[in-house]
Amino acid sequence: MTSTTGASDIPSPPPSGTPGPLAPEQRGSERPAWTLLTNHGHVLLAVAQSQDARVAEIAAQVGISTRATLAILKDLESAGYLTRRRVGRRSHYTVDIHQHFRHPATATHEVGELLAIFTDPAQP
């Protein structure tokens with residue numbers, strides 16, 4: 001079966017590796033090819049917002065697998081950004097807001113500065 005629609009009627013996809021802008025109805029449903037914050041940054045923000053969140057909840061919020069979330073939590077804990085404490089069967093995380101960024105260009109800044117940008121001042 002052949003189509004009678006001309007090639008000019010079909011919208012051309014964006015160039016490879018360059019995501020096009022998302023339509024309003026697509027925002028939140030698709031994940032862009034890249035973001036300004038890494039998954040490590042998003043996990044840190046999620047933990048800062050809810051220190052008693054379950055790994056599955058953090059994973060769902062960030063949009064990554066539970067296994068990837070566990071690996072990132074381990075990285076953040078090993079680097080001193082998080083402290084994990086067991087409370088019964090759950091983990092409670094505490095963020096060290098005075099820990100400095102790892103990249104030389106931002107090493108003079110503390111992660112608390114980043115968290116302050118994304119924290120709702122109305123939240124306790």
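Mentor: Buried means under 20% relative accessible area, exposed over 50%, and partly exposed in between, with a 1.4 Å probe and protein chains only. This is a predicted model, in which local features need pLDDT of at least 70, side-chain atom pairs count only at pLDDT 80 or more, and totals for chains, interfaces and linings use all residues. Residues are numbered from 1 along each chain as its sequence is written, and side-chain values use heavy atoms, leaving out hydrogens and water.

Trainee: Is S91 buried or exposed?

Mentor: S91 counts as buried, at 14% relative accessibility. S91 lies in strand 2 (strands are DSSP runs of E, at least two residues, numbered from the N terminus).

Trainee: With which side chain does that of S91 make a polar contact?

Mentor: With the side chain of R86, at 3.2 Å. A polar contact is a pair of N or O atoms within 3.5 Å; within protein, one must be able to donate a hydrogen and the other to accept it, and residues adjacent in sequence count only if both atoms are side-chain atoms.

Trainee: And how do strand 1 and strand 2 pair?

Mentor: Strand 1 (residues 82-87) and strand 2 (residues 90-95) are antiparallel, with six bridges; pairing requires that DSSP find at least two bridges. They form a hairpin with two residues between them, and G88 in the turn has a positive phi of about 65 degrees.

Trainee: What stands opposite R90?

Mentor: V87 does.

Trainee: Changing topic, how many salt bridges are there?

Mentor: The count is one, between the side chains of R84 and E77 at 3.6 Å, N to O. The rule asks for a side-chain nitrogen of Lys or Arg within 4 Å of a carboxyl oxygen of Asp or Glu.

Terms used:
Helices (H or I, at least four residues) and strands (E, at least two) are DSSP runs, numbered from the N terminus.
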